[in-house]
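User: Please examine the following structure and answer a series of questions about its fold and confidence.

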Amino acid sequence: MKTTLMLMIAAASAMSIPAAGAAEEVLLEGFEGENYWSGVDWENTGQVDLEAAGENASQGKRSLKVVIREEATEWKNKVAFFKETDGIDISKDSAVLVDVYNKEAAGIEIAIGFRTGEGWVYYESPRRQAGKGWTKDISFDLGSPDYKCKASDWKYSAPLAGKENVGEFYVLVYRPVKMSKDIVYIDNIRIK
Amino acid sequence: MKKAAFFAVLAAVIFMMYASVHAEEKLFDGFEGANDWDSESWDNVGGVTMAVSAEKSSEGKQSLKAVAKDESEDWKNRFVISREASLDLSTADMYMDIYTDAPSGVSVAVAFDTSGEYYETGNKLLNQGWNKDVKFDLGAKDFKCKASDWKNSVPLADRSDISKVFILVQHPKKMKGLTVYIDNIRFK
């Protein structure tokens, strides 16, 4: 009887303890408000038009419509765009998740980038494939050791440093050479 | 006998787990009375208006409504509020509930004056709606201060001698009229 009672108390106590370390998702961008995104002006990126669109949204009612205006060439095979993130701290987070809708063709790849730390050092993740139509929950591991940056000679061999102070967040769309115009929708960028 | 000892140990372990999760909680401000918070007017922060409000509360019946003034722009894209205190936070962490209508891009940090020095945490990103139990680990080693050259690389010093508590709310530069509701500020 006593044993049963103690077991019941133990079970009740255990049930009242919240799950420790459960990763909560925070929305970094859902494109529901004003558009704070800009294309980069790097020499090795193609030109792009960005607009908040009321179509192909996976979260809320709007997404970011990315209209790629140039044919991809050998050394200009990507477009990139970014928003300022005001020094957010992602050091306790494990991943970034992105939903992508690729309207025109398969073969594109998505990467994310950050400017972090005191010197706003740029880091870029490895690429992830996105097929035609929706590819949801594309995941980028914030703890992986395979980011690239100037210090790694642009090889995918460095951990993401400065995560406690992220000044800018980037999305990059890589395309096969000779792919002409394309339209991609980005939505539901989360950190968890 | 062995069974009784086993269950005694089990009960003790469960009690310790329970106690650690439900550590004593001290309410620093629930905004049920007058507003004790001031806005900071540093060069790099925008203006804010504050009022105790019954519109959104997560504890009691009132919260603090803080509205960013529209002239906040460029590098003044945050506001800072503060309250004088006399606290020993040697073993405590800070928690708060904060509500925002902004769809995304708003973040919050806290800071402390300890023995005359200012220490600030990193910025935690907020979801739209209620963000409850937003936790700031006061034992973390990534505070920034003048001595760290404003790099997030030092622990909070003199935690037993906190003389002022700050809350910093960052928002995208072009965002106008950001409104947040803050409530249930606790140390535990």
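The questions and answers below concern the two chains and selected residues.

Analyst: This is a predicted model, in which local features need pLDDT of at least 70 and side-chain atom pairs count only at pLDDT 80 or more, while totals for chains, interfaces and linings use all residues. Residues are numbered from 1 along each chain as its sequence is written, and chains are lettered from A and ligands numbered from 1 in the order in which they are written.

User: In chain A, where is confidence lowest?

Analyst: The predictor's confidence in each residue is given as pLDDT, from 0 to 100. Chain A has a mean pLDDT of 88, with 88% of its residues at 70 or more. Strand S8 (residues 121-124) of chain A has the highest confidence in that chain, at 98, whereas the lowest, a mean of 50, belongs to helix H1 (residues 2-15) of chain A.

User: Over which residues of chain A is the pLDDT below 50?

Analyst: Where pLDDT is low, the predicted coordinates should not be read in detail. The stretch in question has eight contacts in the model beyond near neighbours in sequence, a contact being two residues whose C-beta atoms, placed from the backbone, lie within 7 Å. The pLDDT is below 50 over residues 11-21 of chain A.

User: Is B:Leu168 exposed or partly exposed, and why?

Analyst: B:Leu168 belongs to strand S11 (residues 162-170) of chain B. A residue is buried if 20 or more other C-beta atoms, placed from the backbone, lie within 10 Å of its own, exposed if 12 or fewer, and partly exposed in between. Because B:Leu168 has 19 other C-beta atoms within 10 Å, its class is partly exposed.

User: What is the separation between the C-alpha atoms of B:Leu168 and B:Ser82?

Analyst: Not counting residues up to four places away in sequence, B:Leu168 touches B:Arg78, B:Val80, B:Val108, B:Ala109 and B:Ala111. B:Ser82 is 86 residues from B:Leu168 along the chain, and their C-alpha atoms are separated by 8.7 Å.

User: Which residues have the most contacts inside the largest nonpolar core?

Analyst: A nonpolar core is a set of buried Ala, Val, Leu, Ile, Met, Phe, Trp, Tyr and Cys residues joined through C-beta atoms within 7 Å. The largest one has 81 residues, and those with the most contacts inside it are A:Val66 and B:Ile182.

Technical notes:
Helix = DSSP H or I, 4+ residues; strand = E, 2+ residues; numbered from the N terminus.
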